[in-house]
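Here are my notes for a first look through this model. Have the structure open while you read.

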Amino acid sequence: MAGRAILLAGGPGTGKTALALAISQELGTKVPFCPIVGSELYSTEVKKTEALMENFRRAIGLKVRETKEVYEGEVTELTPEEAENPLGSYGKTISTLLIGLKSAKGQKKLRLDPSIYEAIQKERVTVGDVIYIEANTGACKRVGRSDAYATEFDLEAEEYVPVPKGDVHKKKEIVQDVTLHDLDMANARPQGGQDIMSMMGQLMKPKMTEITEKLRTEINKVVNKYIDQGVAELVPGVLFIDEVCLRCQHKLRRKSNKNQVHMLDIECFTYLNRALESSISPIVILASNRGMCTIRGTEDLISAHGIPPDLLARLLIIPTNAYEAEEIKRIIRIRVTVEGLAITEAALDKIADHGSRISLRYALQLLTPSSILARVSGRNQIDVADVGECEDLFIDARRSAAIFNADQSDNGFIS
């Protein structure tokens with residue numbers, strides 16, 4: 001999957017971000033999708049290339065399959081055995097824990113360590129609960145209440161589960177979904193001791209720390225070894241970088257070549273090009289609304305979309321065009337249905353006309369205030385009069401700019 005990247009190129013309001021969000025919905029929850037904006041890469045604590053690599057690793061998932069020996073069943077007995085305190089005080093301590101587990105095929109009694117009893121207390125396990133205990137680590141997990149007790153109460157906020165099938169002692173395959181960034185952070189922040197100096201040291205550390213390339217290389221070696229052994233499976237996700245390069249419509253800069261607000265500079269693009277060549281990399285989707293412009297970080301290097309030519313040659317460019325009038329009308333009709341509103345056909349045509357002349361975003365934002373005005377007037381449907389009143393109350397960006405251009409006095413709302 002290495003080296004695959006897409007560029008969504010089109011004007012504002014042509015659905016670039018909506019396309020990326022649709023991709024995330026189609027991928028589902030099991031495939032990592034990491035959406036970021038170009039400005040998120042700039043921080044005073046972490047280098048921009050480090051922030052870019054962090055999001056790269058967030059977009060790469062790892063599905064780890066592990067076979068564990070577990071004891072699973074319904075609790076039939078829970079008896080802690082007490083003993084004299086070895087320190088010589090008057091109190092008593094828990095020496096062992098006797099627990100009985102029942103499954104569909106049989107029963108088993110276990111004698112457990114007192115430390116497991118503390119874990120069982122934290123899970124608030126009682127007789128009749130379904131639990132499983134890992135044989136190697138002693139970790140205990142409460143699954144739910146046995147469905148045999150489902151008729152005990154008429155109303156109860158409990159989750160009832162069936163009694164586990166098979167024997168009490170069994171081997172169970174557990175699948176864990178993690179990202180490479182989770183592994184980086186787990187190994188970059190080792191836990192200190194419990195003394196006061198270690199705790200103070202952890203508090204004094206900055207929250208955001210850079211992860212070294214050496215640590216990432218070692219983690220990649222371990223991940224590759226797990227993949228070769230069949231223990232883990234790599235799930236390459238999607239990294240979506242929105243607003244790679246924006247267009248600025250400022251009047252004073254309209255005729256110059258500097259009418260763009262770049263989010264990524266030449267260093268980020270170079271690092272991105274190198275990261276795409278790695279054997280472990282996600283699919284990268286970029287979004288830009290620029291044409292020919294100067295690449296940030298250079299003085300005279302002009303390229304399409306504000307992206308260097310070597311990276312641009314690697315991208316699969318998808319153009320996004322402005323919506324047609326019928327498409328805008330269909331989108332507004334879907335939005336009306338989603339929001340549960342009622343609108344007349346004439347009002348729908350008027351809002352669709354605003355979407356064609358001004359912008360789709362402005363047209364969609366008129367729906368809610370128009371429905372409020374219709375409700376105040378005692379109507380169940382949005383009418384043309386409601387849309388016209390909202391048009392007078394809420395002006396769009398072009399009319400706002402025209403008001404300032406027409407007003408020759410120095411009135412900029414700031415005295």
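1. The axes of H2 and H4 (residues 180-188) cross at roughly 120° and come within 6 Å. Axes here are lines fitted to C-alpha atoms, for helices over the stretch in contact, with angles from 0 to 180 degrees between N-to-C directions. Helices (H or I, at least four residues) and strands (E, at least two) are DSSP runs, numbered from the N terminus.

2. A word on what you're looking at: it's a predicted model, where local features need pLDDT of at least 70, side-chain atom pairs count only at pLDDT 80 or more, and totals for chains, interfaces and linings use all residues. Residues are numbered from 1 along each chain as its sequence is written, and side-chain values use heavy atoms, with hydrogens and water left out.

3. Back to that helix pair: on the H2 side you'll find Glu 54, Arg 57 and Arg 58, which meet Leu 180, His 181 and Asp 184 of H4; contact means heavy atoms within 4.5 Å. By class, the contact of H2 with H4 has four charged residues, one polar and one nonpolar. For the classes, Ala, Val, Leu, Ile, Met, Phe, Trp, Tyr, Cys and Pro count as nonpolar, Asp, Glu, Lys and Arg as charged, and the others, Gly among them, as polar.

4. H2 (residues 48-58) also packs against H6 (residues 213-229): the two axes come within 13 Å and cross at roughly 15°. That makes H2 roughly parallel to H6. From H2, Glu 50, Met 53, Glu 54 and Arg 57 meet Arg 216, Ile 219 and Asn 220 in H6. Sorted by class, the contact of H2 with H6 has four charged, two nonpolar and one polar residues.

5. Now the inside. The largest nonpolar core has 27 residues, and Phe 56, Leu 239, Ile 241, Val 284, Leu 286 and Ile 307 touch the most other members. A nonpolar core is a set of buried Ala, Val, Leu, Ile, Met, Phe, Trp, Tyr and Cys residues joined through side-chain atoms within 4.5 Å. The largest share of this core, six residues, comes from H7. A second, separate core of 15 residues includes Leu 97, Leu 110, Ile 131 and Ile 133.

6. Take a look at Val 284. Neighbours within four places in sequence aside, Val 284 is in contact with Arg 4, Ala 5, Ile 6, Phe 56, Leu 239, Ile 241 and Leu 276.

7. Is Ile 351 buried or exposed? At 0% relative accessibility, Ile 351 counts as buried; buried means under 20% relative accessible area, exposed over 50%, partly exposed in between (1.4 Å probe, protein chains only). Ile 351 sits in helix H10 (residues 345-357). Setting aside neighbours within four places in sequence, Ile 351 is in contact with Ile 332, Ile 343, Ala 363, Leu 367 and Val 387.

8. Finally, two backbone spots to check. Most residues other than glycine have a negative phi. Arg 124, though, has a positive phi near 55°, and His 305 has a positive phi near 65°. Arg 124 lies in the loop between helix H3 (114-122) and strand S6 (129-134), and is exposed, with a relative accessible area of 71%. His 305 lies in the loop between strand S16 (302-304) and helix H8 (309-312), but is buried at 15%.

Terms used
Angles under 35 degrees count as roughly parallel, over 145 as roughly antiparallel, 65 to 115 as roughly perpendicular and the rest as oblique.
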